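I opened this notebook to keep track of what I looked up, one topic at a time. Here is what I was looking at.

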Amino acid sequence: MNNIFIIAAENSAENYGSKIIDTFREKGNKYRFFGAGGDKFSDRGVDILVHNRNLSIVGIIEVVSSIFRLKKYMNKFVKEAKKRRADAAILIDYPDFNLRLAKKFKKAGIPVYYYISPTIWAWRYSRVKLIKKYTDHIFIIFPFEKDIYEKEKISHTYTGHPLMNQIKISMGNKEFREKKNISEDKKVLTLLPGSRISEINSLLPEMLETVKILKKKFNLEVFILKARNIDSRIIKDICKTAGIKIHITEQSEGYNMINGSDAVLTTCGTSNLEIAIIGTPFVAVYRVNRLSYLLGKGFLKINLYSIVNILLKKGVVTELIQKDFTAEKCSKAITELLDDPDRKKNLSKEFRKLKDILSMNMNPSEIIFEKMINDLKTKKI
């Protein structure tokens, strides 16, 4: 029996981690997983030591205020990994926490595999020293990262982006609209306020103010796509305070919902790639604690925030960050997407380029499985 620690602190990480677990399961039942994750991990038989809702924190100030709690979780993970004699650890994204955890695992003699490389190409390049010292192998998802890890002589494998194999649309735009009883004369807008409670509290109220403005201009049907780990009551309370009724859609309908929308208003993050791959026009927004933003800005190497713009190396998608994230500016940007066919056509063209950049013939989880199992068999780790 091989015991493998795995941590996925956020929804996107849990999606990727679930595919890895599925691949291991397909190869046999001798692999036992334990660690941190959410309901998807639980459904796959992972022994959850800490639910990922307790790890999901945004911003430097917010992390500092939670430091003692996070340290307690970290010590718990290491203690359990030692007790269970873990053969390996898979750390997914979440760099500020996971690089510290990698150091402890390395000291304990547990091989560390890191998936979704820290964004050293965007900010805090100095973390490359920690990656080199405390990880045994890193799996990277963007082609331009290869040059960095080759230059730094860090053991790595390029897997391609996992989203390319995960996004499945089960019904067309027209079929989805019929299912939701949306008339042809209506425009459909979907809101993605985030997968963290702090994000929802910060972003959703302004998104709802945007909806109020847009409803004066358009015959609009609005949906909120709820992250799986978020309690619907939190969203309903914010909507009630704003005095607006909106349909709340579950994550299971997510890709069909996005595909059936005329436009999406979303947080910056993995969702940007998902929406672009599907091909729906969107506006990306974000806001964190002002002090967190000012502290973090000093480490930035780039002036773009949406991963779509970063990959395409230009501001294709409208970004409204911090003080620029206002209902007035959001409504103006969404109006352009709904009213301007040339804008939509240009976005569609750029999104196709993005898909070409991220394409990979093999399944990322298969690549990860083959590498790890080969190392375990040959005792390279």
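My entries below go through aromatic rings, salt bridges and the cavity search.

**Entry 1: before anything else**

I reminded myself that this is a predicted model.

**Entry 2: aromatic pairs**

I began with the rings. How many aromatic pairs does a search of the whole structure find? I got 16.

I picked Tyr 16 and Tyr 115 to look at. Their ring centres are 6.4 Å apart and the planes sit at 65°, so I wrote this pair down as edge-to-face. Next I checked where the two partners sit. Tyr 16 is in helix 1, which covers residues 11-26, and Tyr 115 is in strand 5, residues 112-115. Buried or exposed, I wondered, for Tyr 16 and Tyr 115? Both came out buried.

Helix 1 came up again with Phe 24, which pairs with Phe 369. This pair is edge-to-face too, with 4.8 Å from centre to centre and 80° between the planes. Phe 369 belongs to helix 18 (residues 364-378), and the two partners are 345 residues apart. I noted both Phe 24 and Phe 369 as buried.

**Entry 3: a cluster, and a charge over a ring**

Which residues form one aromatic cluster? My list reads Phe 5, Phe 34, Phe 77, Tyr 94, Phe 97 and Phe 105.

I stayed with Phe 34 for a moment. The charged end of Arg 84 sits over the Phe 34 ring, 4.6 Å from the ring centre. Arg 84 has a second contact on my page: a salt bridge with Glu 80, where the closest N and O atoms are 2.9 Å apart. I looked up how covered these two are. Glu 80 has 15% relative accessibility and counts as buried, while Arg 84, at 22%, is partly exposed.

A reminder to myself: side chains of opposite charge can pair when their charged atoms come close. I found 21 salt bridges in the structure.

One of them joins the side chains of Glu 366 and Lys 27, at 3.6 Å from N to O. Why does this pair tie together parts of the chain that are 339 residues apart in sequence? It does so because Glu 366 lies in helix 18, whereas Lys 27 is in the loop between helix 1 and strand 2 (31-37). I also noted that Phe 24 and Phe 369 link helix 1 with helix 18. Glu 366 is partly exposed, with a relative accessible area of 22%, and Lys 27 is partly exposed at 42%.

Glu 350 and Lys 353 have their closest N and O atoms 3.5 Å apart. Both lie in helix 17 (residues 341-358), 3 residues apart, about one turn of the helix. Glu 350 counts as buried at 5% relative accessibility, and Lys 353 as partly exposed at 37%.

I also jotted down a network: Glu 10, Arg 196 and Glu 199 are joined by salt bridges that share partners.

**Entry 4: the cavity**

Last, I searched for cavities of 30 Å³ or more and the structure holds 1. Which residues line the cavity? I wrote down Asn 11, Glu 14, Gly 38, Asp 39, His 51, Asn 52, Arg 228 and Asn 229. Sorted by type, the lining has 5 polar residues, 3 charged and no nonpolar.

Note on methods. Residues are numbered from 1 along each chain as its sequence is written. This is a predicted model: local features need pLDDT of at least 70, side-chain atom pairs count only at pLDDT 80 or more; totals for chains, interfaces and linings use all residues. Side-chain values use heavy atoms; hydrogens and water are left out. On a 1 Å grid over the protein atoms alone, a cavity is a set of points where a 1.4 Å probe fits but cannot get out, and a pocket is an open set with protein on both sides within 12 Å along at least five of seven lines; lining residues have an atom within 4 Å of a point. Grid points are joined across faces, edges and corners, and a volume is the space filled by probe spheres set on the points. Ala, Val, Leu, Ile, Met, Phe, Trp, Tyr, Cys and Pro count as nonpolar, Asp, Glu, Lys and Arg as charged, and the others, Gly among them, as polar. Rings of Phe, Tyr and Trp (its six-membered ring) pair if their centres lie within 6.5 Å; planes under 30 degrees apart count as stacked, over 60 as edge-to-face and the rest as tilted. Helices (H or I, at least four residues) and strands (E, at least two) are DSSP runs, numbered from the N terminus. Buried means under 20% relative accessible area, exposed over 50%, partly exposed in between (1.4 Å probe, protein chains only). A charge sits over a ring if NZ of Lys or CZ of Arg is within 6 Å of the ring centre and within 35 degrees of the ring normal. A salt bridge is a side-chain nitrogen of Lys or Arg within 4 Å of a carboxyl oxygen of Asp or Glu.
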